[in-house]
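Trainee: Hi, could you walk me through this one? I'm new to it.

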Amino acid sequence: LLLSAPIGESIGLRAMALVCCGGLLIFCYVFANSLLSSQSEQINFVYSSYQKQLELIHELRVEPLTRLYNRIALTECIQIYIRKFNEGTIDPHLVLIDLDHFKLINDRFGHANGDTVLIRLAAVIKNRMGGIRRAFRYGGEEFVLLFERESTDRVHEIVEGIRTDFMNFDFDFAGGDHITLSAGIAPYRVGWDGKEWFNAADAAMYKSKTAGR
């Protein structure tokens, strides 16, 4: 013989079951929310760390005074350009720019004004090159430009624009004297390594200086 539970007791058990289920659902919701929040924080941390690494890598390749790429970045880029040339995808040129009589500028007007000259030339280069992607400060008063697919005539046109824009700038401290630069252009030749390519532009630049700067 089976006896049914009293109605009040049955309702109480059901209510307790509902409370337990509700509590379990709330716990699962809070736990899942906490887990998602933790994962989101971890993802944000990883992304933030990645961004900081990219910024650090970028800064290691940027010269602090002129904010152009530095010699380390140039060496890497030259190797990439040579590889692309060998793959038949680009026809590159390297340009070496050197400020004329820069030591005399430092001696006569001071190193602070010498830095002003370097910064101004970098600004002219950025303007004519459309940014810093292919512009480098090699060291001292020397700058390097790399071109991928431009013709020699087009490269010459851009470099001449840099030369005239810079020469026509009036430096307050120079008393009306114009500061000039010399440049050498070297298209890449089959079989050259990076040093041979650079030296070809260097030789062309010195011809420019001997021809009257």
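Mentor: Happy to; we'll talk about a helix pair and then some salt bridges. This is a predicted model, where local features need pLDDT of at least 70, side-chain atom pairs count only at pLDDT 80 or more, and totals for chains, interfaces and linings use all residues. Residues are numbered from 1 along each chain as its sequence is written, and side-chain values use heavy atoms, with hydrogens and water left out.

Trainee: Which salt bridge has Arg 128 in it?

Mentor: Arg 128 pairs with Asp 165 at 2.8 Å, N to O. A salt bridge is a side-chain nitrogen of Lys or Arg within 4 Å of a carboxyl oxygen of Asp or Glu. Arg 128 sits in α4 and Asp 165 in α5, so the pair ties together parts 37 residues apart in sequence.

Trainee: And how many salt bridges are there?

Mentor: The structure holds 14. One of them joins Asp 100 and Arg 213 at 3.7 Å, N to O.

Trainee: Is Asp 100 buried or exposed?

Mentor: Asp 100 is buried, at 2% relative accessible area, while Arg 213 is partly exposed at 38%. Buried means under 20%, exposed over 50%, and partly exposed in between (1.4 Å probe, protein chains only).

Conventions:
Helix = DSSP H or I, 4+ residues; strand = E, 2+ residues; numbered from the N terminus.
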